[in-house]
Every structure is written in structure tokens, then in C-alpha cells.
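Visitor: I have a structure open and would like to learn how to read it. Could you take me through some features, one by one?

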Amino acid sequence: MWTRKAALMMTSGIALVLIGMMMSNFQLMVIGIAFISFLAINGWVSGHGELHIVRTLSADNLYKGDDLYVELSITNNSRRRTQLLEIFDNVPHEMKMKSGLNYMMINLGAGQTTRIRYVLRCPLRGHFSLGPVSIRFRNTFNLFSNEMFVDHRSDIIVFPQVRDVEEAMVRSKTPKMYTGATTLRTPGPGTEFYSLREYVPGDPFKNINWKAFARTGELMVNEKCRDAVTDVFLLLDSRDVSRIGTVLKNPLEMGTIAAASLSAYFLQRRDSIALAVYDDKLSYLPADGGDKQHFKILSSLAGVAPRGNMPLQAVTNALAPRFSRGSPVFIISSLEGDGTVPHAVRDLAGRGHEVIVLSPSSIDYERLVSRIPRMSYEVMKLERQNRLTALAGFGARVIDWMPDVELSQALLQVKMA
Amino acid sequence: MAMKPADLFARMNTHQFRRGATLFAFYVVLALLLVTLLGSFVNPTDSQLSAYDNDWDDISKFRSDLNSMGVDTHSLVSSPLLLHEIKNPEETVFIIAGVEKDTISLPRFTGDENVIQMKENDGYTTSEVEAITSFVARGGTIIVMDDFGYSSGVAEAFGIEYSGHKLYDAGAWTLDYNYIWINSSDSYKYTSNISNSWNHPCFRDSDGDGFVDLIDPDPTHPGVPGTMAISAEQAGLCAHHITGNGATPWDFDPGYDLLLNSPSAFDPENSDDEEKNRYGLGFSSTDSYLDINDDGDLTVGPAGSGFEGDMQGPFTVYIKYCLSRNCEDKTAGKAHFISDGSLLINSVYDYENLYGSQETSIDQNDNRKWALDAIAEAILYDENGTLSGGENAQVIFDESLHQQTSFMGDTYNLIYYLLVYFTSDWMAMLLLFLTLFIAFEAVIIRKTDPEPWRHVFSIIYYGFGDSRRYGYYSRANKVKQVLLSRVRNLNTLTRDEFDALPARELQKMINDPVLVKFVFEDRNYSLEQLVAVVKRIKMWGRK
């Protein structure tokens, strides 16, 4: 590729030759020919990119906000010098250079090796690829440049952050046969206190609450919550409208954090988690437990992107046969632009599911990027409150998640409700 | 495995295939265009009147004679515009022998009230004609031999006009009607019956001793140098005057018997004019006629009959133009116009030999003598005691408007012509300057250096919102709708129940006179009023 300097020199050379011919001035023609000859001679010298490049990463998978250490090893395997080369490791724009540089100018002799080290911060979840490695040769007079690529790529997955969820706020009414230890909100053998009731013959003596007997004069026994297992269903709204806000702070980003945190919490309790992400289509990860499921969920959440406009009721209708009876269902959605949400929630609640709606306040996220007139903002907030009230009226427990509120604090709203 | 037709059609319907097919078609058309364009410049037919081909109809013998006489010969393949560059025009002869094609030209500035001339004459461009006339004005000599060709522009610049019709001569023909004799007893009688041949270096012999003055040790003494013995080397450019006859060893005859082949003639009204130093020196016989109606036959048209008849001769076929009166100034420019392009073709010029497929012998003629005399008269202007040309003497043959037989020869000529034309013609130079200026601008504007590589962290600039809905949420109707939804939700009513609610009940539920008025009165609200209403709605929810 010619640089601007070379192009100007060539144009000047031709112009001087032609003007020299017009003016019958041999000096001008000679200068013009000298320009062109200089370009021609410079064109003979070129560098080469016959390099062996190896990139080493500190991790293939990491969480949002973590640091990634990268080392690029460049070896000249040819028998001649590379000439002056610029080496640039292409890094996604979503990653921040924390230290070091992904750029170096080298002039390697035969067999020589050099290394580039730098540290990236990954503030955004997603599937990313480092590379290819760009190589550019510039000749001494900066007349020509030649760009090459070494198609060496390294894929990494940046998972959404997993935050602490302190309290178990959900208890299924239906036990599951196999694994898990979610406390069910029905009396039975267990460890957690459920209620007091009158003694009936057959009750073990160890369950008698002697303090209550002393106070009332009647035999009372402690009933415990039954320890059992359950499936927890997470429905994540990834529609196009969920992008409102900044790239780092928007309903979808907060939703992925919530989904990752909740799934980590329940999986730690040996429950099974199912994840459904709906955007222009429905992606469903069947309920399962364990680390493998955790990885699957995180990978799935890393790849979600806002698109489409699938209604929630279509999701609940499609998943209805897969919902375990009485299992809690988390709906993580900003609830914007979907008129089917009340019906979907009503159907779920009607089928005996405990529905928890975790709703990032998209209006407040929108305020981060757009100046909303005060009155419009107040009216929109009122409308949103109406929407949440209506959902609560259908039997869902609703969490209005504001941008500056931590997930654990937001979830406490359920406990307090 | 054989591909099914359906698969084939499906494959042909893909974007990739269609793109490939389009590209293929584009390059095929481009190749055809190029081949056609280049092919048009490769002329498979034989050229004629070329100084560098040896066919019977070329003029290579004339060129080789000049070379053997020590005169450099060159060909001009680009454009006569280069005549401007000749430093010694007085020692240069420019020969135009038959102009076979037109040339490319641009509109030009005229310098008069017309300002610009859009259409050029056929043949040479005006700039080229100006270059030729300028060459003559600076002392150069041109010999123009053409009949019906494209050199009329050059002739017109000297006040001469070709008739454009074939000349027949019943009184002076040989072989067949195409060959016509033009006999001139003295071609150096310009304005009187006194010959000016004394001014010609090959004729001037002041003392009459047989030695022309330039090589006569004492031009005024007949006894010196004695016996007439001039070698061809001594004779130089006048060597063709050596007869080999002991009685008359030197030919002092100023007359020429020129044999022309299918000539035309000059327009009688625009031919010789002594007052303008244009001298008619060669004429057809009185039995000649000009085939005005181009029917190939003599046609007599009685006067007043309305019938166009052919013109009766004699006609001027050779005109000599000199810048000086009677061509007395040897260094002044000269122009010879002959209305026959084939005057010097090998078969006529070198009548003693047969060329190529030539079977018919041509009669003895003075074409060679005339041509070499014209060259000698032009080059031997200096009294330097020799009949050889100076070191700068040269004869230039114009090949720019001849068809070329060599592969890509015309393409080469065209490129060379364009180069010369665009660096010599004012309009072309102006265009070239503009083109160079635009090229410079384009390079400066469009050509960018490779961007310096650096990592850009750019996610913080992203953001999405929908500002179009803000106006909708500040309308009174929307606020009203939100209030009613709030009332319905807080009173846990379904839509049907709420719609069936009597107005009085609804007023009771709202229980706020301002909001009741807002719901039931249909009027316009100012922004301030709406703000107040919204504040009240917020407060109402908390009651």
C-alpha cells in the first residue's frame, strides 16, 4: 500500500515530467524522473511476516470485571531479518487495557524471539476473541506499507458477575424425588420451625414444646418445615427493549447478573435450575444441578444479546409442560412493551407456581443515557408502578429493582413482602 | 456423484454464484472492449508512402539516397507539434507524403472573436498546422505531397486549396491514364522569364566552367580548376547531377519531367499567387481536365445548361512557396506542394528497378532529381565550399498520420501523440494542468496513511433510549389513563368491573376534587397544571 507521501511523490514526479515537457525544461523532467525512480527503488525493499506467534492467556473463562493476562510470543523462523515490523494484537473494543501494550515495533533477526505482555480488564460479559495478530511493514522512508495478518485467535468467555444472595427467599410447596435440599413450605420432617399445634396421640415426645405447655396448660408440639428438593425456573427477558440504558448498566445486564447469582445460590443448595432466555426465540436449558449446569448457565448468560420481541405468555405457554408442579418461577424482566405479562403471571400463579418478578427499572436506566422530561418521567414511573401493582394483584411477588440497589437488597423485598 | 438439475438450479441461484457470474461477465466484456480497441489499432493491410518500408508504393529509396548523401533522416511518429523543438529549422526538411488518417484533437482557443473552436479540420490539428507554418517561418522547408488526403489544413495555411478531384491529362500520359507527365522547362522561373536557378547550389556556376560555385576553387575564373572531374563524394547532395557523360558531365538543366500517379490538382482560384510568393511551377497540359463530378470520365457541360461538366486544364499541380521574393533568401523558409502523394514512391522514383510484385517498367523521369534538388536547395544554404550538408542537416518524414503495420504500432503512436499533444497544445495543456491539479487534490484528500494502531476501549459511549415516547407521556389523556389504572389497581377491580362502575362510585373512589375534575372535565391543561395534577396523583397513591 502506498502512503500519502508516496502518492504525492508519484503525482509530483509525473507532474514535473509533464510540466518539464511543456516548458522544454530538462531540469524539471530530471527531478520528476528522480522522484519516480526513488519510488521504484524503494518499492524493491520489503519486510516479511513469516513469523510464528503463540498467544498465552491466564484463563479461558473469567467473570465480568476480572483481569486477563496475555502474553504474545513472536518468533522469526525465517533465515532473514524481518525488517522493521509493527505488531498489533487485535483486542476487542469491549476490553480495557489495564497495563502493558498490545503493540510493539520489532526487527527480529533469524530465529529471534520476543514477547509482548499486557493485562486486559473485561468489563462486559460475552464471548470474545483475541486476534488475529496484525503485522505492518513500513519502509525506511515511509513510502510504502504492507499489512499482513497472522490468523491466530484465542477465544474467551466472560461470565456475568455472581453476587451473594444471603437469604433463601423461595420455598417450593412441592417436594422433588431426588436431589436438592430446598426447604418446602409444608410441615414435615425437617429442621426449620414451621408452627405450633396441639398434641395428638402418636406425636413424639421430643417435639412437645414445654414452654408453650407451661404457658397455656395444653400440650403443644413444634411442627417443622419439610426439607426437600425443588426445581427453580429462571425466565430471563432478553428482548430488544432490555438494552435501554448504557452498555454496562441496562436491564439485560442486571438481569444476567441476577440470573447468574440466583442460579449459583440455588445450585449451591443442591437445587436444580432451569434457565429460559427469550428474545426473538426461546432458548431453554433444562433443569439440572451441579457445577456442569452452573457452567452451562453462565455460558448461556454470557452469550445473550438484546434482540427480538417475544411475549412472555408465549414463553410460559411453551414451557408449561416442563414446569415442575409448584416450583418457583423467577421472571427477570423490565416488563416494558409486553402486554402479555399479567396474563402469563396469572396463569403461572393459577397453576400453583410461586412467581417472583424481578424487574430492573428500565426508566431509571434510561435516565442514565437520556434526559427524560421530569413530568414524562413521573408519569412513566406511575405507569410502571401500576404495572407492578397489577402483577402483585395476580399473586406474584414483585421486586422493583432500581439501578443503584444491590441484588441482595432488592431480593429482601420479597422476604419482607 | 451426478448433480441433479434441481441442485444445479439451486446452486445457480445462490448469491455467491450470481456474484461470480456477474464478475466473469464483466471481465469478458472488458476483455472484448480492450481487444476491439487495440485491434482497431492493428491494421493488417499494407501501409504505403512510408519511408521505412520497401514496397513499390513506399518511399524508402528516397530515404536511402538521402542517407547515402550523408543526410540524417528521422521519422516523426507522434505529432508535428514537435517541430517547435527543432533548433536548426533552416537545415531541416519536413516531408509529408500522403496523409492517411485523421487525428484526435480537442476544442481550441482561437484568439479571435469566436474565442473557442469546437471542431477541428480533418488531418492535422490547428496546433499542428501552426507548428508547421511556424517551422517554415523560422527557415524550415516542407515538402507536402498529397492528393485527396488530410493535408488540406497545411495547404490552407499557405493559401492553397486542393481541388479534391482526380486529374486526367489526354495530352501527357504514359502507361495508362493514371500516369501523367508534368513537364517544366525551368522550375526556377518565379516572377519573370529569367531563371533563378543560379541561386540553387546545384546549378550555380558563375564562370561556366562546369564546376558549380560551391566546389569551384575560383568561381569567377573559368580556367580553374581545369578539367571537369567531380566525384560523387565531392558532389554531395548534388551527386544526382553527375551525368557520367563526358561531354556534359554535370546536369545544369533546371527543367523537370515529373511523372505523377493518379494526381489531383490545386483549386485554380487558390493556387499560385506571385504577390504572395506562391509560385506555380508545374502544370498539366491544356488537354487535361479535372473530374469535377467524379464520374471517372470527361464530361462536357455547356454553359448555362445547368449540367455540371468537368474543368478543362491546364491546372497547377506543383506550387512552391517562399518566404522571400523569388526565393532569393537561401535561409528563408520554403514549402513545396505537389498534388500527388505518390511522386516519390519507389517504383517511380527508382524507375530502373522493379519492386515487389511490380511487373510494369516505369518510364525514365526526373522525380528523383526534383526531390533531391529541393533537399539540396534547403540544406545547402551556407557558402561553406562544399556540397555536403552540415552536421545538423536532417530530413524528417512525417509518419504520425500513416497507418502502421507493426503490432501495436498505431497504439504506440497514439500514446506518443497524446504525450506530445498534451504538452504542446494550449487547450490540452490547460486540461492537463487541471487534471494534475485534481490528481493532487484527490491524493491529498483521498489518500490516507495507514492508521496508527492503538487499542480503543469504546463501550462507554454506547447507550440506548427511546426519546420519541417522552412527548406521549406528557399528554393529559395519558396522565388520565395512568390515574384511572391506578384507581382500578388499588381497588382490585377487573377492567370489566371498572368499566361498569357508575360515575358517582368512581368519584367516591378518587375522593379528590382536583383529580375528579381532571378525570371528568375534558379541557386543555397547561404544563404547570399537568405537573400539579401528576404530583397529586403521586400523593393520592400513598393515601
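Guide: Start with Glu86(A), which lies in strand β4 (residues 85-89) of chain A. Helices (H or I, at least four residues) and strands (E, at least two) are DSSP runs, numbered from the N terminus. This is a predicted model: local features need pLDDT of at least 70, side-chain atom pairs count only at pLDDT 80 or more, and totals for chains, interfaces and linings use all residues. Residues are numbered from 1 along each chain as its sequence is written, chains are lettered from A and ligands numbered from 1 in the order in which they are written, and side-chain values use heavy atoms, with hydrogens and water left out.

Visitor: Is Glu86(A) buried or exposed?

Guide: Buried means under 20% relative accessible area, exposed over 50%, partly exposed in between (1.4 Å probe, protein chains only). Glu86(A) has 5%, so it is buried.

Visitor: Which side chain does Glu86(A) join in a polar contact?

Guide: A polar contact is a pair of N or O atoms within 3.5 Å; within protein, one must be able to donate a hydrogen and the other to accept it, and residues adjacent in sequence count only if both atoms are side-chain atoms. Here the partner is Tyr103(A), at 2.6 Å. Contact is a separate term: heavy atoms within 4.5 Å. Leaving aside neighbours within four places in sequence, the contacts of Glu86(A) include Arg136(A), Arg138(A) and, from chain B, Trp453(B).

Visitor: How many residues does each chain bring to the contact?

Guide: Chain A brings 58 residues and chain B 48 residues. Buried area is the accessible area (1.4 Å probe) that two parts lose on being put together, summed over both. For chains A and B that is about 4700 Å², with 68% from carbon and sulfur atoms. On the chain A side, Arg4(A), Met22(A) and Met375(A) lose the most area to chain B, together 15% of what that side buries.

Visitor: How many salt bridges cross the interface of chain A and chain B?

Guide: A salt bridge is a side-chain nitrogen of Lys or Arg within 4 Å of a carboxyl oxygen of Asp or Glu. The rule finds four across this interface. Glu383(A) and Lys478(B) form a salt bridge, 2.6 Å from N to O.

Visitor: In what order do β7, β8 and β9 of chain B form a sheet?

Guide: Two strands pair if DSSP finds at least two bridges between them. The sheet is open, in the order β7-β8-β9 (chain B), with antiparallel pairing. β7 (173-174) and β9 (256-261) of chain B each have a single partner strand, so one side of each is left without a neighbour in the sheet. Two bridges link β7(B) to β8 (residues 179-184) of chain B. Trp173(B) stands opposite Ile180(B) in β8(B).
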